[in-house]
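The notes follow the order in which I consulted the structure.

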Amino acid sequence: MSDEGHNSGREPGHEPGRERFDDLKEAYALGALSEEERREVEDYLGMHPELRAEVDDLRSVANLLALAPQEYEPSPELRRNLLNRISSSSQGVTPAAEPSPRRAGLWRLFGPGGLAAAAVLALVTVGMFVWNAALQEENQTLQGELQGQRTHALEGTGAAQGVRGEVVRLGDERAMLVAENLPSPPEGETYETWILREDVPEPAGLFEPDAAGVAAAPIEGSIEDADAVAVTVEPSGGSSSPTSDPLMTANI
Amino acid sequence: VLELAYFSGYTHMEIAELLDLPLGTVKGRMRLGLKKIREYFDSRGMAVPG
């Protein structure tokens, strides 16, 4: 374990690996670990498979973020560019050694501190405009990406005619199915998700809508190279191959 | 913190640096944030799909 300073003061007999795992598991579920830390957690999970369920659970909770309205932080590159622009424009307004007559008037009015504050304020204002424009552009690109490639509309038929839903990609492989206005499945039955490749369905998890007809379910399995995601009604506990026609389908 | 981690792909150390917070605080907020999402879903009677 490489967490220097972190392991001091531990009670004797307390397993260091477990403490480290508990420390990192949320960041792991959010995909916010460095490569080295990620391997560390996965190695520990390999040795303690009983902890896998806890991590899967945290990841499911983290995946619910996909349902939240998304606000994007500007990329580090954008931040750097902006700071560069600000510092280069600030070089352009370095006050001249001798104040001009007009500036001398201002100088008397505001004093050196006031002028510096006004210059900083002007810079910050310009910076905000530049940043805002850049953010809007990036936001549009991201929205385009999100709508164009990241989500796939779910089409309902029969009892699921009025369903509104989408398959939301969370990466190249992972995806969530979200739907609303979904009727409850008949007693003793459940919804089952399938990943279709060349018309061959692979089971991808069971789900049920809540009382308001809303469902958010992770799609279990990779959707990379999949042709479609479909949902059927199956007996409770699910089936290994579909026993009914799809009620909802999203073409990937 | 959750958005920076989940959507923007920053690591917890980068987030700590970006927000000028101790790493422990970032981890604590991740823990609390996930807990709040779970509680929100639980309070509305929605099972967290897993």
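**Sheet of chain A**

I began with strand β1 (residues 151-156) of chain A, which pairs with strand β2 (residues 164-169) of chain A in the antiparallel sense over four bridges. Within this pairing I noted that A:Leu154 stands opposite A:Gly165 in β2(A). I record here that the model is predicted.

I then traced the whole sheet. It is open, has eight strands with antiparallel pairing, and runs in the order β5-β4-β7-β8-β1-β2-β3-β6 (chain A). At its edges I found β5 (200-207) and β6 of chain A; each has a single partner strand, so one side of each is left without a neighbour in the sheet.

**Interface of chain A and chain B**

I next turned to the contact, to which chain A gives 36 residues and chain B 24 residues. The area buried between the two chains is about 2600 Å², and carbon and sulfur atoms give 65% of this area. I noted that A:Leu30, A:Val61 and A:Leu65 supply 22% of the area that chain A buries against chain B, more than any other three residues.

For charged pairs I recorded three salt bridges between chain A and chain B. I looked up B:Arg31 with A:Glu26, a salt bridge whose closest N and O atoms are 3.0 Å apart.

Which elements give two or more residues to the side of chain A that touches chain B? I listed α1 (16-29), α3 (52-63), α4 (76-92) and β6 (215-219) of chain A. The largest share, six residues, comes from α3(A).

Definitions and conventions: Residues are numbered from 1 along each chain as its sequence is written. Chains are lettered from A and ligands numbered from 1 in the order in which they are written. This is a predicted model: local features need pLDDT of at least 70, side-chain atom pairs count only at pLDDT 80 or more; totals for chains, interfaces and linings use all residues. Side-chain values use heavy atoms; hydrogens and water are left out. Contact means heavy atoms within 4.5 Å. Buried area is the accessible area (1.4 Å probe) that two parts lose on being put together, summed over both. A salt bridge is a side-chain nitrogen of Lys or Arg within 4 Å of a carboxyl oxygen of Asp or Glu. Two strands pair if DSSP finds at least two bridges between them.
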